[in-house]
Amino acid sequence: MTVIVRTVSSWVKVLIFLFGIYIILFGHLTPGGGFAGGVILASSYVLLMLAFGRTFVEANLPRSLASRLDCLGAFVFALIAILGLVFGGTFFVNFLYQTYLPGRPFALVSGGTIPLSNMAIGVKVGASLFLVIFTLAAFRAESQEPSEGNPANQGPGQKE
Amino acid sequence: MALFYVLLIFMVIAAIIAVETKDLLGSVICVGAIGFGGSLMFLLLRAPDIAMTQIVVEVLGLVILIRATISRDLTFITGDREFVGMVASVVILLLVFMAGVRICDTLPEFGDPVFARLPEAASQAYIARGLSDTGAANIVTSIYLDYRAYDTLGEATVLFTAVIGATAILRGRSRKRLEDPEL
Amino acid sequence: MAYALCFLLFMIGLYCAVVKKNMVKIVLGIVIMEYAVNLFLIMLGYLTGGVAPIIERSQYDAKTQTIAAEFLSASVDPLPQAMVLTSIVISLGSLALMISICIRTYAKYGTFDITEIRRLRG
């Protein structure tokens with residue numbers, strides 16, 4: 001891509017990432033929430049991938065780290081549910097709001113476990129969608145090279 | 001109210017163009033136009049969460065679709081399938097459409113939903129007690145993360161499985177050497 | 001009349017998914033059907049002259065902890081909105097899965113045409 005596209009997208013990517021974090025954090029006060037914020041986080045990395053190429057983004061956020069973030073988000077969401085069972089007596093009950101930390105309405109610290117669940121879902125959705133688009137880009141680049149057919153990296157089924 | 005009909009007719013015309021054009025890139029762009037019209041409809045139907053989610057999801061969906069179709073088989077595939085099958089399916093679809101329009105008359109009037117007439121509906125309880133039960137000012141968030149959080153757990157599982165499936169399908173090179181007669 | 005137009009959109013998507021022979025066109029038909037269904041569910045909950053189901057600070061009285069009555073009577077239905085929110089993100093996941101199947105099939109057979117693939121048999 002040209003110099004103009006690269007420069008502008010490297011500035012804009014940071015703003016989009018910050019906006020995604022804002023949408024996730026204030027999900028219980030303004031429209032948005034974990035899902036929209038997670039998709040915005042993923043699209044900031046997609047912008048970087050379109051402007052700079054796949055190998056640059058691989059060095060920035062490698063595939064293994066994205067996969068681990070994805071699993072971490074899902075695990076934290078399930079952990080909040082099980083903690084509801086431990087502390088509150090019912091699966092998924094909002095134990096922080098009802099007993100420990102009520103907060104004031106319309107403040108950032110309010111709603112109990114709702115902001116924590118929003119953050120877990122935002123991380124999970126963002127990492128998943130980044131992983132999918134990255135894999136699509138990697139497969140397309142690989143399938144367009146002329147297939148050499150070297151037997152070194154075939155499956156374990158063949159023995160030469 | 002007239003704006004709703006204008007947007008709906010715009011979406012229907014874009015759908016007809018997306019279905020009938022022979023150029024794959026053109027139909028992908030028309031589907032993007034449908035998604036954009038849908039997002040405007042959601043905003044006018046007083047659903048700002050949904051409008052925001054729809055527009056960003058549609059942009060990422062366009063990126064995925066264009067990645068798949070550009071520089072691949074863009075030659076125009078002419079001709080349809082066997083003629084009798086196509087006529088039969090069009091006739092059946094027309095019958096289903098006319099039956100469906102008949103059923104649409106039994107639905108409540110657009111703009112006069114069922115929950116507004118029933119004081120014991122679940123939505124009335126959510127609106128009246130959402131802030132005091134959960135502490136969140138956004139009632140939609142308090143529904144999908146507190147009252148009905150189990151559905152969100154199911155959604156997280158479905159998204160997880162779909163992404164694992166997509167990355168598992170696209171892994172590795174095509175295994176052309178599996179039919180090796182020496183094995 | 002508005003519901004009939006939404007149903008017409010769904011029927012156009014169904015026609016595209018059933019009749020066409022290009023694999024990507026079938027995927028586009030399924031995507032159009034998903035948009036139509038989400039739109040229909042939100043349209044079911046619309047109240048004429050309604051407001052979005054988000055409580056603002058001016059509508060809440062902190063001393064008596066009550067919500068203003070005009071919000072309670074004019075809010076649109078929040079329940080279908082919560083359900084459609086998860087449905088939209090799931091549709092993106094399923095779109096990624098369908099497109100990965102299409103790309104894999106194209107890499108193996110060299111075409112998107114499903115009648116050709118049926119005849120070639122690997």
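**Briefing: chains A, B and C of a predicted model**

Of the 160 residues in chain A, 41% are buried. The structure is a predicted model, and its largest nonpolar core comprises 118 residues, of which V39(A) and I32(C) touch the most other members. Chain B is in contact with chain A through 36 of its own residues and 47 of chain A, and 76 residues of chain B are in contact with 74 residues of chain C.

**Chain A**

- Chain A contains six helices and zero strands, and its elements follow the order α-α-α-α-α-α from the N terminus.
- Among contacts in chain A with a separation of 6 or more, 66% join residues 24 or more positions apart.

**The largest nonpolar core**

- The core has 118 residues, and the members that touch the most others are V39(A) and I32(C).
- Helix α6 of chain A, residues 114–143, gives the most to this core, namely 15 residues.
- Chain B also takes part: domain 1 (1–72) and domain 2 (120–172) each supply at least three residues to this core.
- Leaving aside residues up to four places away in sequence, V39(A) touches V125(A) and L129(A) in its own chain, and T53(B), V56(B), V57(B) and L60(B) in chain B.
- In soluble globular proteins, nonpolar side chains tend to be buried together.

**Contact between chain B and chain A**

- On this side, 36 residues of chain B are in contact with 47 residues of chain A.
- Four helices of chain B give two or more residues to the side that touches chain A: α3 (48–69), α5 (122–134), α6 (139–147) and α7 (149–169).
- The largest share of that side comes from α3(B), with 11 residues.
- By class, the side of chain B that touches chain A holds 23 nonpolar, seven polar and six charged residues.

**Contact between chain C and chain B**

- Here 74 residues of chain C are in contact with 76 residues of chain B.
- The elements of chain C that give two or more residues to the side touching chain B are α1 (2–19), α2 (23–44) and α4.
- With 24 residues, α4(C) gives the most to the side of chain C that touches chain B.
- That side of chain C divides into 54 nonpolar, 14 polar and six charged residues.

- The 31 residues of α4(C) reach 46 Å from the first C-alpha to the last, which is close to the 45 Å expected at 1.5 Å a residue.
- Y106(C) lies within helix α4 of chain C, which covers residues 79–109.
- Y106(C) counts as partly exposed because it has 19 C-beta neighbours inside 10 Å, whereas a buried residue needs 20 or more.
- Although 83 residues separate Y106(C) and M23(C) in sequence, their C-alpha atoms are 9.6 Å apart in space.

**Domains and confidence in chain B**

- Chain B is divided into domain 1 (1–72) and domain 2 (120–172), and the centres of the two domains, taken over C-alpha atoms, are separated by 24 Å.
- The average pLDDT of chain B is 85, and 87% of the residues score at least 70.
- The pLDDT is below 50 over residues 176–180 of chain B, a stretch that has four contacts in the model beyond near neighbours in sequence.
- Where pLDDT is low, the predicted coordinates should not be read in detail.

Terms used
Residues numbered from 1 in each chain as written. Chains lettered and ligands numbered in written order. Predicted model: local features only at pLDDT ≥ 70, side-chain atom pairs only at ≥ 80, totals over all residues. Buried ≥ 20, exposed ≤ 12 C-beta atoms within 10 Å, placed from the backbone. Contact = placed C-beta atoms within 7 Å. Nonpolar A, V, L, I, M, F, W, Y, C, P; charged D, E, K, R; others polar. Core = buried A, V, L, I, M, F, W, Y, C linked by C-beta atoms within 7 Å. Domains from an automatic or database assignment. pLDDT = per-residue confidence, 0-100. Expected span 1.5 Å × (residues − 1).
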